[in-house]
Amino acid sequence: MRPADEGALGRLAREAAPDVLAEALRRAREDAVARLSALLTDAILDAALAGPRPAADVAPGPRDDGEQVLYAYALARAGLPLPEDLPALTGGARVRQVTDAGLALLVSAVAPEQLQVDEDDLAEDGRLATLVRGHDAVVRAAADLGPVLPLRFGTVVASEEAARRLLREHAEGAREQLDRVDGTREWGIRLVRVLADEPQLTGPTPRREGMSGTEYLSARRAALGARDRSEQDAARAADRLEEALAPHVTSTVRRGGNPGSSLLLDVAALVPRDREAGFTAAVDALGEELRQAGLDVELTGPWPPYSFVSLDEEAPA
C-alpha cells in the first residue's frame, strides 16, 4: 500500500469509525432482538403478555394481603353463554360473569399467592407458561361463543363492585370495540430474511488484504450499496405483503420489523372469519414468490384479538 493511500485511508477510517461502530451496534441489537424473538415461539405467551395496559381500577398483579381477588380474563356482552364446566386459570373456582351496563367481565376468584410466578422462567412447563395457557384457554373458549376483549395476563380486580365500576366507566368504548372485533380473529404475519441467504442478499464485506486504499474504498462502497439495495428490496417486499393482505383484513397493527434486520415485518391482522380462506391463500401465494428472494413469510393464528383491544385509549386503527 502506498504511504499516501495509507494516510488518506487512515484519516477516513478515524473519521468514520464512530458512525460505523454506532450503526453496527444498532444492527447487532436489532438482529439479537429478532433472533431471540424467533426462539420464543410460544404464540400464546407472546400474545397474552403483549396485551393492553389495565385500566385505573385494575391491578396488573395480585394483592399481598391474603384476601381473594377476582382474576379478569376478558370483557364481553352480557349474556355470553359460557359453558358451566369452563376451567378457571388456577382450578377450583369457576369462571363467571360480573355484569353491568349491558357488558360482562369474565372473572374467577383467586388467592394472590396462586398468581406468584418467576417472570424470568420462560420454560414451556413453568408456572408462568402454565398460567398464561390457562388464561388463553378461557379467552379462546369465550371468543368461540361471541366477541370478547381480552385483558392483559395477570389482571385482577379487588371486588365485584370494582368490576362493575370498570364496566360502567368503559361501557361506550367497550361496546364500540366489541362491534369492531365481532366475527373476526387475529392472525400474525412475520416477514423474515432467511439467515442462510443473508450474505447473498447483502453482499460480502471486502477484505483489505492485497488491496490499495482506493481499491478497498471502492469495494466497500459497492458492498454498502448492495446492502442498501437489499434493505430497499426488503422494505418494498414488506409494503407489498401488507398491500396484498389489505383486501382480506379489517385492521392491522405493525408490531415491529426493520429492513436492516432479520425480522423485516411483524404485523397483527384482524380478519373476518368469512375472509380467512382468501387471507391464508394470499399469504401462501406471496410467500412462495418472496421465498425466491431469500425471504420467508410466517403465519400464526388464529387468536382472540389480543392486539386490537384497549381500555385506556382508542383501539389501534
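Which residue forms a salt bridge with Glu161, the closest N and O atoms being 3.0 Å apart? Keep that in mind while you load the structure. This is a predicted model.

**Stop 1: helix α4**

Select Arg168 and Glu161. Arg168 is the partner: its salt bridge with Glu161 brings the closest N and O atoms to 3.0 Å. Arg164 and Glu161 sit three residues apart in α4 (residues 160–169), so about one helical turn separates them. Side chains of opposite charge can pair when their charged atoms come close.

Check the surface next. Arg164 has 25% relative accessibility and counts as partly exposed. Glu161, at 34%, is partly exposed. Arg168 is partly exposed too, at 39%.

Together with Glu161, Arg164 and Arg168, they are linked in a network of salt bridges. The whole model has 16 salt bridges.

**Stop 2: the sheet**

Switch to a cartoon view. Find the open sheet of four strands, ordered β7-β8-β6-β9, with antiparallel pairing. From one strand to the next, the twist averages 20°.

Select β6, residues 184–193. Nine bridges join β6 to β8 (residues 263–272). Pick Gly188: its bridge partner in β8 is Ala268. Then pick Arg190, whose partner in β8 is Asp266. Turn to β9, which β6 meets over seven antiparallel bridges. There, Arg193 has Leu295 as its bridge partner.

Is β6 mostly covered or mostly open? Mostly covered: nine of its 10 residues are buried.

**Stop 3: helix α8**

Select residues 276–291. This is α8, lying across β6, β8 and β9 and running at about 160° to β9. Its 16 residues reach 22 Å from first C-alpha to last, close to the 22 Å expected at 1.5 Å a residue.

Colour the buried residues: Glu276, Phe279, Ala282, Val283, Leu286, Gly287 and Leu290. They cover an arc of only 130° around the axis, which puts them on the same side of α8. On the other side, Ala277 and Asp284 are exposed.

Select Arg291 and Asp296. These two form a salt bridge, with the closest N and O atoms 3.5 Å apart. Arg291 is partly exposed at 38% relative accessibility. Asp296 is partly exposed as well, with a relative accessible area of 22%.

Technical notes. Residues numbered from 1 in each chain as written. Predicted model: local features only at pLDDT ≥ 70, side-chain atom pairs only at ≥ 80, totals over all residues. Heavy atoms only, no water. Pairing = 2+ DSSP bridges. Helix = DSSP H or I, 4+ residues; strand = E, 2+ residues; numbered from the N terminus. Axes fitted to C-alpha atoms, helices over the stretch in contact; angles between N-to-C directions. Contact = heavy atoms within 4.5 Å. Expected span 1.5 Å × (residues − 1). Buried < 20%, exposed > 50% of the residue type's maximum accessible area, 1.4 Å probe, protein only. Arc of directions from axis to C-beta. Salt bridge = Lys/Arg side-chain N within 4 Å of Asp/Glu carboxyl O.
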